Amino acid sequence: MSDCVFCKIIAGQIPATRVHEDEHTLAFMDIGQVNPGHVLVTVKKHADNLYALDDVQAAAVARTSARLARAIRDSLKPEGLSVYQANGKAAGQTVFHYHVHLVPRHEADGMELTWPVKNPPREKLEDCAGKIRAKMG
Ligand code: AMP
Ligand code: ZN
């Protein structure tokens, strides 16, 4: 995609601080650095979001993310690590080329995600799960 900033990074057309790459993925430092060591894992072949990944890309991102998580843990020794991934504007996505955030975490570091639990009755869970299950291949 010619107007995609992450495609331009992958193609080497604009600068980025690269951390790791393999056949299907590229990881580079997020320019915003919520905490030191904040890395983005992207797919080399453009996909807008999680919905658009093929199985090979999905597996490759999971593998790279797990390997990088251990490298971040062992090198920077954060107290924790958050994995964040947004799909669509309503979910907070701002760059529409699929990517996973790996964010090293520390107590009271200011990164917050509100999590408004609803605790619905079991029938609601069963109803919702049934709808999803019906769409699984
Ligand atoms: P999201 O809101 O999940 O789509 O995240 C997009 C992320 O891309 C943000 O955290 C930005 O800081 C990061 N970002 C945008 N442009 C660049 C760039 N040129 N190099 C590195 N990170 C970038
Ligand atoms: Zn792209």
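Which helix holds Ile72? Ile72 is found in helix H2. The views below come from a predicted model.

View 1. The protein chain has three helices and five strands. Read from the N terminus, their order is α-β-β-β-α-β-β-α. A box of roughly 50 × 40 × 25 Å, set along the principal axes, holds the C-alpha atoms. The chain has 137 residues, and 31% of them count as buried. Take the contacts between residues at least 6 apart in sequence: 53% of these join residues at least 24 apart.

**View 2. The surface of the chain carries both kinds of charge.** The protein chain exposes about 9300 Å². Carbon and sulfur atoms supply 57% of that area. Count the charges next: there are 17 positive and 16 negative side chains. The centres of the two sets lie 2 Å apart.

**View 3. Four side chains hold the zinc ion (ligand 2).** The protein donors are Cys4 (SG), Cys7 (SG), His46 (ND1) and His97 (ND1). They lie 2.1 to 2.3 Å from the zinc ion. Why is the arrangement called tetrahedral? The four donor atoms subtend angles of 100 to 118 degrees around the zinc ion, and tetrahedral requires all angles to lie between 85 and 135 degrees. Along the chain, the donors follow the spacing C-x2-C-x38-H-x50-H.

**View 4. Thr42 is a buried strand residue.** Thr42 lies in strand E3 (residues 39-43). Its relative accessibility is 0%, so Thr42 counts as buried. Which residues does Thr42 contact, leaving aside its neighbours within four places in sequence? They are Phe6, Ile10, His24, Thr25, Leu26, Phe28, His97, Tyr98 and His99. Look for His97 in that list; His97 is also one of the zinc donors.

**View 5. Ile72 is a buried helix residue.** Ile72 belongs to helix H2, which spans residues 55-76. At 6% relative accessibility, Ile72 counts as buried. Set aside residues up to four places away in sequence, and Ile72 touches Gly37, Val39, Lys77, Pro78, Leu81, Leu102 and Pro104. Now compare Ile72 with Asp3: they are 69 residues apart along the chain. Their C-alpha atoms are separated by 31 Å.

View 6. Most residues other than glycine have a negative phi. Lys77 has a phi near 50 degrees, which is a positive value. Where is Lys77 found? It is in the loop between helix H2 and E4. Lys77 is exposed, with a relative accessible area of 60%. Lys77 is also among the residues that Ile72 touches. Asn119 has a positive phi too, near 45 degrees. Asn119 takes its place in the loop between E5 and helix H3 (122-133). Asn119 counts as exposed, at 66% relative accessibility.

**View 7. Val83 is an exposed strand residue.** Val83 lies in strand E4. Is Val83 buried or exposed? At 58% relative accessibility, Val83 counts as exposed, because the limit is over 50%. Apart from neighbours within four places in sequence, Val83 is in contact with Val100, His101 and Leu102. Leu102 is also touched by Ile72. Val83 and Leu53 are 30 residues apart in sequence. In space they are 18 Å apart, C-alpha to C-alpha.

**View 8. Ile132 is an exposed helix residue.** Ile132 has its place in helix H3. Its relative accessible area is 53%, so Ile132 is exposed. How many residues separate Ile132 and Gly88 in sequence? They are 44 residues apart. From C-alpha to C-alpha, Ile132 and Gly88 are 19 Å apart in space.

Terms used. Residues numbered from 1 in each chain as written. Chains lettered and ligands numbered in written order. Predicted model: local features only at pLDDT ≥ 70, side-chain atom pairs only at ≥ 80, totals over all residues. Heavy atoms only, no water. Helix = DSSP H or I, 4+ residues; strand = E, 2+ residues; numbered from the N terminus. Buried < 20%, exposed > 50% of the residue type's maximum accessible area, 1.4 Å probe, protein only. Contact = heavy atoms within 4.5 Å. Areas by Shrake-Rupley, 256 points an atom, 1.4 Å probe, with all protein chains shown as cover. Lys, Arg positive; Asp, Glu negative; His and termini not counted. Charge placed at Lys NZ, Arg CZ, Asp CG, Glu CD. Donors = N, O, S within 2.8 Å, 3.2 Å for Na, K, Ca; no water. Tetrahedral: all angles 85-135°; square planar, octahedral: opposite > 155°, others 65-115°.
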